[in-house]
Amino acid sequence: MKIVDARVVLTSPGRNFVTLRIETDEGVTGLGDATLNGRELAVAAYLRDHVVPLLLGTDPHRIEDTWQSLYRGAYWRRGPVTMAAIAAVDVALWDIKAKVAGLPLYQLLGGASRERVRTYGHASGADLPELFDSIRARLAQGYPAIRVQTGVPGLKLVYGVRHAQDSSQSARPVVEDWDTGAYLRNLPRVFDAVRQEFGPDLPLLHDAHHRLTPIQAARLGKDLEPYDLFWLEDCTPAENQDGLRLVRSHTTTPLAIGEVFNTVYDYQTLVSEQLIDYVRSAVTHFGGVSPLRKLFDFAAQHQIKSAIHGPEDISPVGMAAAIHLDLAIHNFGIQEYAGYTDLTHAVFPHAFTFTDGYLHPGEAPGIGVELDEELAGAHPYEQAYLPVNRLQDGTVHDW
Ligand code: CS2
Ligand code: MG
């Protein structure tokens, strides 16, 4: 079997997605997701100009060898653009292999370790009444666990909180504002109110979005202990892995980190010293199913569980690959599922299902996702940036 064509499809059915389609001489095709929010064209060019010429004529079954040659052969290793491009190739090749085998991908990963995949959904509100309504709406959709984000008194726009103006995608970056002191004083009060309203049993999560220093994160983790969080996510910009020792020594609030990481090396200290409880990388940004599986096996040795990143900006192709892994691995924790617009579901018809808050990859051979190229073509790429965050004196801050 040989790869005879590979092309990149850009589409924006509400937001941008980058998809790689690999075709073989036997007519079997595979899809991979290469979406890198706000930097989509860089990955598309990396694939088209540098990767596709290397794939033509090669054997699609040699997944590990192809992965190693794209990673090592480039000499310039790691980084989100490179790893998103390699991820798309890896997933497309797994899709082809599983289709040839006539099996859903999870069967090639060892088969199902569970019946279905638990998810969490996003709730947010500028104030408590809005937040409570949002939590109720997620519960009505069946979500068994909820991520809680709120506005901060005195701040106009906070990332992760729905506002009349959608700041998550715009032609120029929207400027949001930030005050760590106000946030640290406000959040424990919010969780206190949520626990009073919704009781002790509902699993609650929170994403601090890399905005805190280690000592601030330590204090927040401690202040949130009475509210029994499922996890506190991205409490610090964790490329400073050593800083997590300080956080960990002060709090028993479980910690989740890794959505911006793209190789196992970003996790070395965090995992080997058990400084976190959940690894958060996405198939799409971590080089694909092959390396993410290895990360989960490494994490399992330290009783750390999976929590694959699943925002709206991972396409249904990347999401499907994640759900196959979730079903197969033993140390599954939870899957983020933000859901998609109807148009996105139509552009990417898929076998995976979301029922009563649980996902299943379906039984279609491969990853079980198709791409309607005609519909995709009717919704072309649109330039879009993520927001930036500034302190009240104008200094740029992590967002
Ligand atoms: C967030 C994401 O899902 C999450 O936990 O942190 O929404 C993240 O901000 C986006 O994926 C950025 O593109
Ligand atoms: Mg996050």
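Predicted model: local features only at pLDDT ≥ 70, side-chain atom pairs only at ≥ 80, totals over all residues.
- Oxygen atoms of ligand 1 lie 2.9 Å from a side-chain N or O atom of Asn37, 3.0 Å from one of Asp313, and 3.1 Å from a polar side-chain atom of Asp207.
- Ligand 1 exposes 340 Å² when it is taken alone, and the protein buries 92% of that area.

**The magnesium ion (ligand 2)**

- The magnesium ion (ligand 2) is coordinated at 2.0 to 2.2 Å by Asp207 through OD, and by Glu233 and Glu259 through OE.
- Along the sequence, the donor residues of this ion follow the spacing D-x25-E-x25-E.
- Asp207 belongs to strand E7 (residues 204–207) and Glu233 to strand E8 (residues 231–233), so that this pair, 26 residues apart, links distant parts of the chain.
- Asp207 counts as buried because its relative accessible area is 1%, which is under the 20% cut-off, and Glu233 is likewise buried, with a value of 0%.

**Salt bridges**

- As a general point, side chains of opposite charge can pair when their charged atoms come close.
- Arg7 and Glu23 meet in a salt bridge through their side chains, with an N to O distance of 2.9 Å.
- Arg7 lies in strand E1 (residues 3–11) and Glu23 in strand E2 (residues 17–24), and this pair links distant parts of the chain, the two residues being 16 residues apart.
- Arg7 is partly exposed, at 30% relative accessible area, and Glu23 is also partly exposed, at 22%.
- Arg62 and Asp65 form another salt bridge, in which the closest N and O atoms are 3.4 Å apart; Asp65 is partly exposed at 42% relative accessibility, and Arg62 is partly exposed at 47%.
- The side chains of Arg293 and Asp297 meet in a salt bridge of 3.8 Å, N to O, and because these residues are four residues apart in helix H10 (residues 289–300), about one helical turn separates them.
- Arg293 is partly exposed at 24% relative accessibility, as is Asp297 at 40%.
- Salt bridges with shared partners join Asp5, Arg7, Arg21, Glu23 and Glu373 into one network.

Key. Residues numbered from 1 in each chain as written. Chains lettered and ligands numbered in written order. Heavy atoms only, no water. Polar contact = N/O pair within 3.5 Å; in protein donor to acceptor, adjacent residues only side chain to side chain. Areas by Shrake-Rupley, 256 points an atom, 1.4 Å probe, with all protein chains shown as cover. Donors = N, O, S within 2.8 Å, 3.2 Å for Na, K, Ca; no water. Buried < 20%, exposed > 50% of the residue type's maximum accessible area, 1.4 Å probe, protein only. Salt bridge = Lys/Arg side-chain N within 4 Å of Asp/Glu carboxyl O.
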